[in-house]
Amino acid sequence: MSETATSLRARRRLALQERIIGALLLGCGVISVLTTIGIVVVLVSQSAGFFAEVSPIEFLTGTSWSPQLLPRSFGILPLVNGTLIIAIGSSLIAIPIGLASAIYLSEYARSRTRRIIKPILEILAGIPTVVYGYFGIMFVTPILRAIFPQTGIFNAASAAIVVGIMILPMVSSLSEDALNAVPRSLREAAYALGSTKFEVSTRVVTPAALSGIVASFILAISRAIGETMAVALAAGATPRMTLDLLQSVQTMTAYIVQVSLGDTPYGSLEYQTIFAVGLVLFLITLAMNLLSQRFTKRFREVYE
Amino acid sequence: MSEPSLAPRGGRFEPRIARRQRTGRIFRALCLAAVAFGILSLVVLLVDVTRDGLGVLSLDFLTSYPSRLPARAGIRSAILGSLWMMLLVTLMAFPLGVGAAVYLEEYAPKNWFTRMLQTNISNLAGVPSIVYGILGLAVFVRFLGLGRSVLAGAATLALLTLPVVIIAAQEAIRAVPSSLKEASYALGASRWQTIRHHVLPVSMPGILTGTILALSRAIGETAPLIMIGALTFIAFDPLTPMDAFTVLPIQIFNWTQDARTPFHDLAAGGIVVLLVVLLLMNATAILLRNKYQRKL
């Protein structure tokens, strides 16, 4: 009799323990939600003070950014322009080279070669971004200056090149995964119709994997937009509405770093700009990540 | 899909095999060149940095504080700061990340809340690191009053690392064969007993691999720590979590930004040390992964 009572008590204790552990584990998961809420609350509440003084329309459409020098102006477009130049420039390198690498690894290379080459390329994504900044200034810029003497010490081109190298493995690895997921039967059907390997790769496999490939492009561009240290070092700190890659520009991220490196007084209008710029940056990258997820989902639905 | 190149206007099929195969060979060469570009970039980068930095590497460089004199400057405080980050980020991100992963894989009911949690985690993994810096500045440095301390920096990096750890741990847990779990349940074990004694031990190598890779990303992070105000000139050892600090990437950034050339070599020296640390961490992760793969 007493034995049953003990076992019943033990079982109750176990059930309670289970409930507590379940709640604790849920708590771990909730931290990630709190992080998102925290990001949104901080960005919105802290930039509210900024938008009380500067109208959002002026902020989003102004073509001059000079928060320190009088007359002060708060048009974010020069920073957006700088960010876009770097993002477009780096994707012009990363997208074609990354996709070609992915096609080579998936369609041409032997599986042993692929197993060796893919991780080697992925090292590029693991190198800290500050190292790319150093490489941009010390290696890429001198080469650019030797070819185009008018190149500035800080220039958009060197930043775009090193960021392009940095995001290359994102395109090559994720696209390779997508190409690899295309069923073998599709390739064999195309071969049976007399296609050459080139035609199979470019007209059958690549279109079939397109949604995964596009998802990798978007993710890589989003990464380039959020990239900070390489552009802060190599592209300089001149907010400018220019398309000239050989001049210094400033990205949204580089501006935020510049302000936090200086001794801007807490709570001043200039200090609040980092939250307003951060909010724009967050919204752009969020939109791109959601878009990329949508593409990935489509690609999953087709073959699973 | 129509094939205009194979069926020319005349309507008669001309295979033109030689031409098509020549195109194929050119394409293959271009793709190979693309792979070569990636590998070459890596080699050039590593060689360039090593060539610049090898000259300054010495025991003195590792054990001296930063200095205005390049000949006497070193990375002692930066190394200590990075070690602090490694330790505290692991202590914070590892239990939280594994806990969240266990919840999502083993406990979570299939409902809107779980789906939201999962979407949220993958979105957080794509948030630029500098945004985490803004969050850390507002929440840890200002709101919680931690100041520009080791603790504030580590908490910021832990939040940044968390989604990556969760995703990696989830994959490792998902790879545990369900027969193992069902055998445990069949013997009367509770959910937690099953996880504690079967799921976690089997998935641990995978979890550790993912955690080390996530951690090695955190060690290379610069921007969020600049945001929370990690200083560049620290001529003392940060001994408590409340001390001011710097880390290797910030010290490298500072020296790279300096207009005087001798400091650039110091930056390269710092980069070599940082890359060696990252290499060791990645090698550990790969060794763990290989051991794990052999076991299954």
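# Reading domains, interface and helices

Tutor: Seven residues of domain 1 of chain B are in contact with seven residues of domain 2 of chain B. Contact requires C-beta atoms, placed from the backbone, within 7 Å. This is a predicted model: local features need pLDDT of at least 70, side-chain atom pairs count only at pLDDT 80 or more, and totals for chains, interfaces and linings use all residues. Residues are numbered from 1 along each chain as its sequence is written, while chains are lettered from A and ligands numbered from 1 in the order in which they are written.

Student: Where do the domains of chain B run?

Tutor: Domain bounds come from an automatic or database domain assignment. In chain B, domain 1 is 17–56 and domain 2 is 59–295. Their C-alpha centres are 32 Å apart.

Student: What are the domains of chain A?

Tutor: The assignment gives domain 1 as 2–53 and domain 2 as 66–303. Between their C-alpha centres lie 36 Å. Nine residues from domain 1 of chain A and eight residues from domain 2 of chain A form the contact.

Student: How many residues of chain B are in contact with chain A?

Tutor: 69 residues of chain B are in contact with 68 residues of chain A. Helix H1 (residues 17–53) of chain B gives the largest share of the chain B side, 20 residues. Helices (H or I, at least four residues) and strands (E, at least two) are DSSP runs, numbered from the N terminus. By class, that side of chain B has 44 nonpolar, 20 polar and five charged residues.

Student: Where does H3(B) bend?

Tutor: A bend is the angle between axes fitted to the seven residues ending at a residue and the seven starting there. H3(B) bends by about 30° at Thr90(B).

Student: How many helices and strands does chain A have?

Tutor: Chain A has twelve helices and two strands. The radius of gyration is taken over C-alpha atoms; the globule rule is 2.2 Å times the number of residues to the power 0.38. Chain A has a radius of gyration of 25 Å, well over the 19 Å that the rule gives for 304 residues, so chain A is more spread out than a compact globule. Along its principal axes, the C-alpha trace of chain A spans about 85 × 65 × 35 Å.

Conventions: Two residues are in contact if their C-beta atoms, placed from the backbone, lie within 7 Å. Ala, Val, Leu, Ile, Met, Phe, Trp, Tyr, Cys and Pro count as nonpolar, Asp, Glu, Lys and Arg as charged, and the others, Gly among them, as polar.
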